[in-house]
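Please look over the sequence and the model, then read on.

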Amino acid sequence: MKKIEAIIKPFKLDEVREALSEIGVTGLTVTEVKGFGRQKGHTELYRGAEYVVDFLPKVKVELVIADNLLERAMEAIINAARTGKIGDGKIFVTAVEQVVRIRTGESGEAAV
C-alpha cells in the first residue's frame, strides 16, 4: 500500500476529488494548509499599506491506496491539478506498512 500526499491549489480540489473518484478511490482526507515554494509569497496592498504574504493557502489531499492504483492515482491528480503556472503543487508518495479499520478490526488492503 502507498500513501499519497498532494499539495494543490484550493480551487482545484473538486476536480482532483472527482478524478480520483473516477478511478475508484473511495476515501481521502483534506486539510487546509499554508506554505510556499518557488512562489516565495507575494506583496499585497491593504488600506494603502503594502505587506508581504509569506505563506500561500494550499490544500493537502491524503489518501492510502493499493499499489496497483498508484500510477493511475498520480496521473489523475496531476491532470486535474495542473494549471501550467508556478505553484501547482507537489505529490509525495510513501510506503504504508499497516492499516487497521478501527470499527471492524479489518487490516491490510481490506481496511483501505
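The model is predicted. Its open sheet is built from 4 strands in the order β2-β5-β1-β6, with antiparallel pairing. β2 and β6 are the edge strands, each pairing on one side only. From one strand to the next, the twist averages 20°. Strand β1 (residues 2-8) and β6 are joined in the antiparallel sense over 7 bridges, and K2 stands opposite A95 in β6.

Helix α1 (residues 13-22) packs on the sheet and touches β1, β2 and β5, and its direction makes about 10° with that of β5. Helix α2 (residues 70-81) also packs on the sheet, where it touches β1, β5 and β6; the direction of helix α2 makes about 5° with that of β1.

| Pocket | Volume | Lining by class |
|---|---|---|
| Largest pocket | about 360 Å³ | 5 nonpolar, 5 polar and 5 charged residues |
| Second largest pocket | about 260 Å³ | 8 nonpolar, 4 polar and 3 charged residues |

The largest pocket has 15 lining residues, and G37, R38, G87, G89 and K90 lie nearest its centre. β2 (29-35) and β6 (89-95) each supply at least two residues of this lining.

The second largest pocket is also lined by 15 residues, with T26, G27, V64, I65 and V112 closest to its centre. Strand β5 (residues 56-65) gives the largest share of that lining, 4 residues.

Notes
Residues numbered from 1 in each chain as written. Predicted model: local features only at pLDDT ≥ 70, side-chain atom pairs only at ≥ 80, totals over all residues. Heavy atoms only, no water. 1 Å grid on protein atoms, 1.4 Å probe; cavity = no way out; pocket = protein on both sides within 12 Å on 5 of 7 lines; lining within 4 Å. Points joined across faces, edges and corners; volume = space filled by probe spheres on them. Nonpolar A, V, L, I, M, F, W, Y, C, P; charged D, E, K, R; others polar. Pairing = 2+ DSSP bridges. Axes fitted to C-alpha atoms, helices over the stretch in contact; angles between N-to-C directions. Contact = heavy atoms within 4.5 Å.
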